[in-house]
Amino acid sequence: MTVEKFYYDNKIVKAFGMATVVFGVVGMLAGLWAAIQLYLPASSLNLPATTFGRLRPLHTNAIIFAFVGNASFAGIYYSLQRLCKARMYSDKLSWFHFWGWQIIIAAAAITLLWGKTTGKEYAELEWPIDVAITLVWVVFGINMLGTIIKRREKHLYVAIWFYLATWVTVAMLHIVNSIEIPVSFMKSYSWYAGVQDALVQWWYGHNAVAFFLTTPVLGLMYYFLPKAANRPIYSYRLSIIHFWALIFIYIWAGPHHLLYTALPDWAQSLGTVFSIMLIAPSWGGMLNGLFTLRGAWDKVREDPVLKFMVVAITCYGMATLEGPLLSLKNVSAIAHYTDWIVAHVHVGGLGWNGFMAFAILYYLVPKMWNTTLYSKKLATNHFWIGTIGIVLYAVPLYWAGFEQSLMWKSFTPEGQLRFQFMETVNNLIPMYISRSIGGALYLTGALMMVYNLAKTMAQGSFIANEAAEAAPLVKAVSPQKEYWHRVIERKPVTLLVLSLIVVAIGGLVEFMPTFLVKSNVPTISSVKPYTPLELQGRDIYVREGCYVCHSQMIRPFRDEVARYGEYSKAGEFVYDHPFQWGSKRTGPDLAREGGKYPDSWHYNHMYDPRSMSPGSIMPQYPWLLDNKLDTASTPAKIKAMITLGVPYEKDYANRANADLMEQAKTIEGNLKKDKIETDPDMEIIALIAYLQRLGKDIKGPAVTAQQ
Amino acid sequence: MSVIIVLIISSISVAGIFLLAFLWSVKSGQFEDPVSPASRILFEDHPPASSNAKPQKSNNTDL
Amino acid sequence: MVFQILNKAELCDYYSLNQNPGVSRKLTNRPDKFAYLDEEKITLQLIRYQDKNQVHLNFYLPQIHCSSCLYLLENLRKIDPGVISSTVHFIEKEAAIIFNPSQTTVRKVVETLASIGYEPYISLNDLSAKKPKKDKSLIFQLGVAGFCFGNIMLLSFPEYLGIDVKDQYLQSAFRWLSLFLSLPVVLYAALPFYRSAWSGIKHKYLNIDFPIAIAILATFIRSLYEVVYANEGGFFDSLAGIVFFMLAGRVLQETTYRRLTFNRDYKSYFPIAVTVIKDNKEFPTALPEIKPGDTILIHHDEIIPVDGILTRGSAFIDYSFVSGESLPVRKEIGELLYAGGKQSSGAIELLVIKEVSQGYLTRLWNKDKEEKEHSGSPFFVNFLARFFSVILLGIATLTAIYWYYHNPARIWPAVTAIFIIACPCALLLANSFTSGHFLRIFSQHNIYLRNASVIDSIRKTTHLVFDKTGTITDSSRFEISWHGLPLSELQKSKIASLVSQSSHPLSRAIYELHKPCSSLIPQNFTEQTGLGISGRFEQEIWNIGSLSFTEYRGSASEGTNVFIVVNGQSLGYFHFNNSYRAHILDTMAALGKKFNISLLSGDNDAEKNYLRKKLGRQTTLLFNQSPEDKLQYIESLRLQGAEVMMIGDGLNDAGALKRANTGIAICESINNFTPSSDVIMEASALSGLHRIISFAEKSRQVVLLSFGISLLYNTVGMYFAIQGILSPLIAAILMPISTISIVLITFFTSSWYGKRLR
């Protein structure tokens with residue numbers, strides 16, 4: 001046994017780092033553009049690809065998966081090698097991971113702008129890309145695990161645990177949430193429907209926040225903060241405890257996104273309880289980070305890297321306090337559907353994720369290029385501009401959310417709603433403007449970073465493979481291979497119980513489809529499946545991303561019932577694959593839109609919203625009037641729905657288009673009465689059919705609700 | 001709401017995997033010394049001859 | 001110099017990591033200090049593993065204290081290239097080193113370590129005695145219990161939060177899942193309780209784990225029944241919770257115990273002092289102050305407290321405390337003497353080579369005594385447990401009978417509920433926590449107990465036996481007068497050098513009078529404990545001691561006298577006027593009202609009347625007691641059923657101390673470590689003896705108080721249980737509340753009583 005010499009792979013870190021910077025800028029640009037569209041709808045250039053409904057998912061996917069994703073990979077590849085004192089298990093796998101990921105991002109950009117979306121937030125990518133993500137993720141896992149196995153440092157530093165937790169949990173979340181039935185190459189329907197879909201979606205959605213945006217970055221913090229400050233983490237013991245506490249509790253906070261919705265009460269309360277419990281481990285991490293710098297604040301004054309980290313950790317603390325508070329029912333009643341939530345997200349996103357990414361880039365680039373940062377002053381300016389940007393972003397939106405909610409809930413003394421929805425929107429314009437200025441500042445800072453880093457790279461010389469040496473691990477004297485197999489085998493009862501659990505999971509996965517289908521028996525007898533035309537219209541609704549601005553879930557509050565109609569019941573959504581409850585009311589709720597306006601109103605409104613609603617900020621959708629509906633896809637869609645248990649007649653797929661045309665002709669007739677000439681097989685007709693269906697199922701007088 | 005069973009089973013399985021990981025860690029002595037790892041990551045492990053000449057080809061076995 | 005070494009090896013980060021790196025190198029070692037490490041048979045004992053490419057060994061480096069230490073030690077190979085790897089275990093202050101035998105040797109590695117300030121403490125005792133393998137299964141069980149408990153709790157919430165009727169099937173799914181999750185708890189995590197209860201049953205008694213085991217099984221069976229047949233919720237959350245909290249309590253107990261016994265922390269010390277020689281003067285020095293490089297004086301029969309190299313005197317070391325080998329081993333000048341050995345041939349001087357290890361001494365302390373108790377809990381706890389179980393069974397039977405006649409359907413729910421709620425968990429926790437607190441409080445007052453069971457033996461004392469000389473008399477304040485032929489300076493020196501070999505209080509006192517001449521060393525020194533010493537100076541045979549020992553001829557006054565006879569000629573005697581410690585006689589009189597008191601003395605009965613007046617009629621006074629007599633006396637008291645507490649001065653009363661139920665060794669400034677005692681305390685604490693005993697009595701009160709409160713909870717729960725309407729929610733709430741309140745109560749009441757101790 002001798003001391004071994006080996007090399008760390010910096011090339012892969014450089015690659016991921018570059019991708020981070022590029023997609024960070026792209027994602028921020030998309031976000032800025034979307035923000036501007038909110039008060040300047042014309043800035044969408046009137047193209048289908050760049051409407052708010054399609055641009056927003058591009059922004060979220062670019063930021064989460066392309067920016068934070070690549071940043072995390074860069075940081076993980078750098079730190080894992082050094083913590084394990086070993087080069088990555090396989091260079092080939094490293095590069096497969098890199099290129100695979102970037103191809104996925106490219107595919108995402110193209111498909112999202114093209115309108116190929118599943119209609120589920122942060123999981124919009126269609127099924128072929130989902131498959132690709134799974135593949136790349138598995139490769140990533142093999143590479144990580146292989147590196148850990150061939151490590152030369154016995155102890156697994158806490159950061160490594162965070163990386164592992166990320167990997168395992170994201171894998172599970174992705175697979176469970178992405179279970180969909182493909183209809184065509186780029187179209188699928190969610191396996192779950194309505195309330196079930198909502199629960200799965202937000203179980204996924206919140207945990208995506210937890211395990212994609214938090215745990216890997218926490219792991220990175222536990223590595224890069226001590227390195228940058230050259231001091232050990234404040235309490236390593238605390239970090240161990242905080243990790244294990246977080247891992248066991250995080251899984252259950254999902255339902256807090258669905259408070260006061262049609263999700264059963266007890267499930268909502270469960271979400272609240274666990275969200276509150278989460279404050280402790282989250283703040284454990286924050287305090288651990290901040291206390292590490294105690295007595296070293298002079299270093300923070302000097303070093304931009306540490307400045308970014310301090311603000312990042314503070315924003316993390318704020319967001320993780322605010323989150324649980326938002327999951328209290330009475331707070332959620334005010335904040336849900338408003339810009340308050342957007343502000344909350346961006347404190348975390350801009351502050352925690354963005355600033356940590358910047359800090360790590362500022363740390364890594366000089367190190368890997370064997371030089372010092374080109375301009376500390378420029379970096380410090382970036383820091384200040386970015387921080388001001390965050391403040392200018394969040395504060396107006398907090399105000400906007402709060403004010404809009406209050407306006408919605410405001411009644412006149414006579415008991416009428418005081419404000420029209422449009423009035424509340426117009427009220428927000430100044431805040432939206434301010435917010436986009438904040439975002440622009442943030443982007444500017446990022447561009448300063450790009451310049452700074454480019455100059456740094458130019459003045460240094462890149463170390464593609466960094467030399468290192470360490471002694472290999474001591475093979476323990478006692479036989480330790482297959483260790484925990486033997487532990488389990490020595491305790492037959494434990495083995496039995498664990499096997500039962502594994503079998504139960506397997507069994508469940510197998511019979512789950514039928515099980516779920518059976519449970520979708522409608523509890524409201526008057527709820528019927530969508531007609532073929534309505535189904536097509538619904539798919540257009542999903543395609544255009546209408547759910548990004550419009551909700552379809554009326555909460556049991558006096559003001560909402562007064563404004564929108566009867567509050568939503570779980571049974572109404574049993575055939576909704578996917579559910580479209582939405583998370584934001586940039587525009588009004590549409591749950592009971594059906595029958596409120598004549599068909600022609602919708603026709604004109606889609607062509608130019610301002611013609612029907614002056615002052616509206618909704619984009620124009622003129623192409624709906626000119627595009628032919630793809631009726632050829634109808635049979636496949638019906639068949640898929642039948643598989644999912646929607647009670648169409650057995651061979652309805654073949655007859656569907658006939659019904660479709662019949663209903664379309666009716667609508668064509670209605671439009672003609674209002675002086676609008678159009679062919680019945682246009683996309684707009686389908687959309688109108690869908691919109692007119694919304695909420696009609698229980699409007700009828702004899703409602704036989706069984707709940 | 002039946003899907004909640006699926007979610008619970010998945011979550012508990014993941015948590016179960018972490019329980020196993022925890023047991024392995026305790027057994028293999030990962031938590032014996034909770035003080036030194038925090039400092040250990042700060043040490044650089046460059047070879048004494050601080051030349052950074054390295055082959056650029058990326059073949060593995062740590063080069 | 002350290003910096004130069006570091007600089008050469010490019011380890012300059014060392015200073016940037018810490019303000020006060022390492023240990024200052026004041027001491028330069030002799031070049032051949034580690035020569036003994038060239039010997040293969042010595043190194044063989046140190047080496048863990050070796051083959052032709054690598055040698056593995058572990059060193060204990062007490063100087064490790066900071067991150068710079070870590071850095072330096074883990075980069076050792078940059079200073080000595082033969083080292084392949086070195087890993088530091090910070091808490092244990094150990095370095096695991098692997099080196100290449102063709103490039104360096106054990107000696108070289110040790111010298112390298114020493115040169116940078118981290119000289120390893122090499123004690124063959126430390127290594128050959130296998131460190132007890134930490135049993136981790138308790139941690140595993142705790143982890144499994146915690147995992148299952150957390151998830152069962154989550155699954156129980158829907159029911160508490162009011163799950164809808166229409167989601168009933170979900171409800172039963174949750175219950176089944178809880179059932180599965182409870183299996184690892186019942187079948188694996190709860191094993192320690194079953195094992196303990198079973199071993200109790202095998203020995204035909206019900207110990208405290210018996211009701212707990214019953215509770216666990218009853219809860220499980222009832223919950224199983226409810227879920228499978230009765231379509232109700234079951235109590236899985238309470239079940240898992242009980243097991244989890246009980247295991248947590250156990251883990252806490254074990255960690256505290258291990259930390260107290262194997263502690264390698266230098267903060268708290270026995271009030272023991274050792275004589276340090278500096279510039280030919282003697283300074284009694286407290287243990288923590290002993291530094292490597294000091295020269296200490298060890299008297300006859302004293303235990304060596306720290307490793308050193310023999311520099312003077314003839315050493316016959318008895319390592320019976322350490323290795324059980326009681327044949328004394330002769331050691332030469334320059335040889336290494338290990339801590340724990342007893343010097344048995346006069347005084348010697350040692351050059352100290354490391355600091356004292358408190359933990360090591362504690363371990364020695366506990367090694368000597370036979371185990372008095374099987375379980376960690378005092379007798380009355382087990383008694384209560386048995387009592388408890390009987391009552392429980394009684395209540396359960398009565399309840400069953402009652403319901404049989406009124407409503408048979410309620411039998412099962414009521415009986416199982418009784419077992420669920422009536423858990424004496426509190427008693428177990430109360431006991432372990434209380435013991436821990438009391439030990440800690442005692443040690444804060446410089447009273448050191450060997451282990452927790454000593455608290456109970458103090459409490460049960462019925463008879464106190466005091467030694468006189470050195471215990472209730474203050475040997476630093478004797479008035480000594482010489483009666484006899486005038487002594488020449490040479491004679492005085494000879495006397496002094498002879499008495500300096502002994503640690504008997506009277507010898508020490510005489511020694512204070514006449515300092516020896518350093519060139520006079522007696523030959524053939526022997527001591528008969530409590531009787532006298534003798535030695536030879538060239539042709540003169542000197543005997544110093546009691547009348548009978550020296551065979552003194554002549555008259556002597558009453559009182560304590562030490563006679564001197566040289567070659568048969570009676571020279572004279574030293575007369576000692578006893579001076580009793582402040583308040584001690586009053587304390588003894590006060591104690592005499594509650595306890596039986598005896599006073600044993602090796603002296604004659606000159607002071608009998610004085611003492612009788614002071615101590616009262618009931619006190620037994622015995623004089624002219626040899627060590628053997630004292631031992632026999634204690635034995636006879638015990639045979640009569642008394643619980644004896646003996647207060648003596650350590651080495652001279654070793655046998656008696658051992659024989660007593662509680663042996664208290666009084667430490668003076670110049671006394672020594674006494675493994676045969678149960679308690680070590682400072683002489684000045686003696687006048688507070690009654691407070692000490694009453695504090696120990698309080699321990700039982702604290703436990704009983706906690707138990708009473710737990711009983712209150714149990715009663716409330718029992719109220720519901722007997723009626724057969726105990727809801728899982730109530731059970732779930734009562735359990736953690738009672739546990740937490742026990743923890744807090746034991747802490748606060750112990751502290752409060754502790755305030756009255758001083």
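Reader: I'm looking at Asn230(A). Which two helices of chain A does its loop lie between?

Author: Helices and strands here are DSSP runs, a helix (H or I) having at least four residues and a strand (E) at least two, numbered from the N terminus. Asn230(A) sits in the loop between helix H6 (194-229) and helix H7 (236-249) of chain A. Before we go on: this is a predicted model, where local features need pLDDT of at least 70, side-chain atom pairs count only at pLDDT 80 or more, and totals for chains, interfaces and linings use all residues. Residues are numbered from 1 along each chain as its sequence is written, chains are lettered from A and ligands numbered from 1 in the order in which they are written, and side-chain values use heavy atoms, with hydrogens and water left out.

Reader: What is there to see in the phi of Asn230(A)?

Author: General idea: most residues other than glycine have a negative phi, and most peptide bonds are trans. Now the case: phi of Asn230(A) is near 55°, a positive value in a residue that isn't glycine.

Reader: Is Asn230(A) buried, exposed or partly exposed?

Author: Buried means under 20% relative accessible area, exposed means over 50%, and partly exposed is in between (1.4 Å probe, protein chains only). Asn230(A) has 36%, so it counts as partly exposed.

Reader: How do I read the angle between H20(A) and H25(A)?

Author: Axes are lines fitted to C-alpha atoms, for helices over the stretch in contact, and angles run from 0 to 180 degrees between N-to-C directions. Under 35 degrees counts as roughly parallel, over 145 as roughly antiparallel, 65 to 115 as roughly perpendicular, and the rest as oblique. H20(A) and H25(A) pack at about 125°, with their axes 10 Å apart, and are therefore oblique to each other. On the H20(A) side the contact uses Asp599(A), His602(A), Tyr603(A) and Met606(A), and on the H25(A) side Ile684(A), Leu687(A), Ile688(A), Leu691(A) and Gln692(A).

Reader: Which classes do the residues of that contact between H20(A) and H25(A) fall into?

Author: Ala, Val, Leu, Ile, Met, Phe, Trp, Tyr, Cys and Pro count as nonpolar, Asp, Glu, Lys and Arg as charged, and the others, Gly among them, as polar. For H20(A) with H25(A), that gives six nonpolar, two polar and one charged.

Reader: What about H20(A) and H24(A): at what angle do their axes cross?

Author: Roughly 85°, and the axes come within 8 Å. H20(A) and H24(A) are therefore roughly perpendicular. Here Asp599(A), Ser600(A) and Tyr603(A) of H20(A) meet Ile667(A), Asn670(A) and Leu671(A) of H24(A). This contact has three nonpolar, two polar and one charged residues.

Reader: Back to H6(A). How does it pack with H13 of chain A?

Author: H6(A) and helix H13 (residues 339-368) pack at about 40°, with axes 10 Å apart, which makes H6(A) oblique to H13(A). Residues in the contact include Leu213(A), Met221(A) and Phe224(A) of H6(A), and Trp352(A) and Tyr363(A) of H13(A). By class there are 12 nonpolar, two polar and one charged.

Reader: How many helices and strands does chain A have?

Author: Chain A has 25 helices and four strands, and 64% of its 707 residues are buried. Chain C has 27 helices and 26 strands, with 56% of its 758 residues buried.

Methods:
Contact = heavy atoms within 4.5 Å.
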